[in-house]
Amino acid sequence: MTPPDVPGSFPTDLPPGGLARATPEFAAAVMAAASGSQLEATLQYIVSAVVQHVDAMHGAMGVLSRDGRTLDRFVVVGTEDERDGIDGLPTGQEALDPLLEGPATLRLDGRDRHVAATGISDGHPPMRSFLGVPIRVGDAVFGNLYLTEKRTGGPFTEADVTVAQALAGVAGLAIKNARLAEWAETRRRWEEAAVEMATALLAGAEPEQVLRSISTRVGELTDSDIAGVLAPSIDDPETMTIVAAVGKKAEEVEGVRVPLAGTHVGSTHRAGVPRRVEDISIMPVVGRRAAVLIELTAGYGPTLIAPLGGALDRSLLVAMRAAGREPFDEEDLELLSGFAAQASVALELARAQEREKALQVQADRDRIARDLHDHIVQRIFATALSLDRLSRSLGTEQADAAGRLSRSVDDLHGTIARIRTSIFDLHEAEDSSMATLPRRLTEVVRSVTEGHDLRPDLRIRCERDDLPADLVLDLVAVIRELLTNVVRHAQARRSTVSVVIDSEVCVVVTDDGRGLPPVAVRSGLANLAARAERRSGALDCRSGPTGTEIQWSVPLPGES
């Protein structure tokens, strides 16, 4: 026989009047646990069955949270007045600590004889006899079953302990099964989200749109107040940039740079291992970047951080809950980590697709350029030579015809020159020359504002024949960032982009929108200021209720 005082065991040899007398109640409780019905109703039924069988006046069941730190539900059986007298869960860990620490069966003649009986409300019914049994399955402890006040006036018997242990085991199975079902459903939702994300990426969706969708689903599945994706900053290895965010004040934090030194973000990024943080606002970050991080994490506490992407380009998935909310547990971290791993594979496949498409486009361009050169240009050139010889063979009496032929030959040579220019453009990779700068800036303005209710005006004045290639790239990036901010935040109808290149490069973007938001952390502006500072330039912002003007200017190399 398995000793009846071993928690979680089911006795096979029962004392007279033991479980045999409780068979109907026991069978009904098992059926309720196996039916898959509501857990609350099942636990209420089990407590009622135990109370009825052991002749107790009162019964309760405390169910531990998944992390085992607190009680997340407390089922009470008794009269309505008695239930009203128990005002909520027992407080803290002081209520019946031996049951939580052991766990072990506890049988007492009176509450005042044991230091464990604290944390019970003053309105609780009298407890002259007490029986506490842990709810467990194997080594997993799910809570405790409490019984008080034997109706006969005496203490609870060994037979009562046996029945209570058996039904506590049934309760443990019910809780375990309910949590397994909940876990399976949660995992299904995560897997569904991963499939949707991978499908969108591989179908060619815009990466920015996919990252925002990832943030949205992560926020929903983790029940977070804000979620987002951080990517390594292109020109600053000491920071990461928030490239997508959803939740409270998400638009205000997009584009903000998060420092790596001395932060949970930095340690996760370096280690490449997911992390669960109890309180994200507690970070010993110091220096000039501390204010940004303090503002970003103010009001938040529990946080999950998981690597997203390959080792060379590791982004991070972050989910945060408001301070004071329940912390994330290890299951939350496991699910987020699995999702991030699948997302990393999908992102890499999408990048491979993009590289393959780019190679295919370049191959097509090379083929077209080769065909133009080998066939079209050669035929036109041959025709031009024939016409030129014909015009020379005509006599003076046919001077008009000779002149017309000569002009036609000149036109053909002009056509050849234009075709050769097109061939050069086809071979041209990401050109940063001044010759293509107006076209590139026009394309940037068009791509950013297309599909929005914003009328852009691009003005370019250039008094230079050349610019450093890296400065051209900065110029393009600045205009893209400033116009993107106008589209996202300004609610403007018109925007003017003025570019002047003489002794310095000066970009002025104005709009007739609502002005900059009154916050210290402004999306993207820190990035632009850093670009200007690296070139000994400056970023100047003027904003009001009728619009905003932002000027980005840097001196040209060698100019005083």
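This is a predicted model: local features need pLDDT of at least 70, side-chain atom pairs count only at pLDDT 80 or more; totals for chains, interfaces and linings use all residues.
**Notebook: a look through the fold**

**Overall counts.** I looked up the secondary structure next and found 14 helices and 16 strands. The chain has 560 residues, and 43% of them are buried. For the accessible surface I got about 28900 Å², with 53% of that area belonging to carbon and sulfur atoms.

**The largest core.** I then asked where the nonpolar side chains gather. A general point to keep in mind is that nonpolar side chains tend to be buried together in soluble globular proteins. Here the largest nonpolar core holds 31 residues, and the ones with the most contacts inside it are Leu467, Leu475, Ile479, Leu482, Val505 and Trp552. The elements giving two or more residues to this core are the helices α12 (437–449), α13 (469–490) and α14 (525–534), along with the strands β13 (494–501), β14 (504–511) and β16 (547–555). Helix α13 gives the most, with 10 residues.

Leaving out residues up to four places away in sequence, Leu482 touches Val507, Val509, Leu525, Leu528 and Ile550.

Apart from this core I found another, of 30 residues, with Leu39, Met61, Val75 and Ile175 among them.

**A buried arginine.** Which strand holds Arg257? I found Arg257 in β8, which covers residues 257–259. Its relative accessible area is 12%, so Arg257 counts as buried, the cut-off being under 20%. I listed its contacts too, skipping neighbours within four places in sequence: Ser233, Asp235, Asp236, Thr239, Met240, Thr241, Val292 and Asn527.

Leu202, Val345 and Leu349 make a patch of about 250 Å². Leu349 belongs to helix α10, residues 330–393. Is Leu349 buried or partly exposed? With a relative accessible area of 44%, Leu349 is partly exposed, because that value falls between the 20% and 50% limits.

How values were computed: Residues are numbered from 1 along each chain as its sequence is written. Side-chain values use heavy atoms; hydrogens and water are left out. Helices (H or I, at least four residues) and strands (E, at least two) are DSSP runs, numbered from the N terminus. Buried means under 20% relative accessible area, exposed over 50%, partly exposed in between (1.4 Å probe, protein chains only). Contact means heavy atoms within 4.5 Å. A nonpolar core is a set of buried Ala, Val, Leu, Ile, Met, Phe, Trp, Tyr and Cys residues joined through side-chain atoms within 4.5 Å. Patches are made of residues with over 30% relative accessible area and no salt bridge: like charges are joined within 9 Å, nonpolar side chains (Val, Leu, Ile, Met, Phe, Trp, Tyr) within 5 Å. Accessible areas come from the Shrake-Rupley method with a 1.4 Å probe; for residues, only the protein chains shown count as cover. A salt bridge is a side-chain nitrogen of Lys or Arg within 4 Å of a carboxyl oxygen of Asp or Glu.
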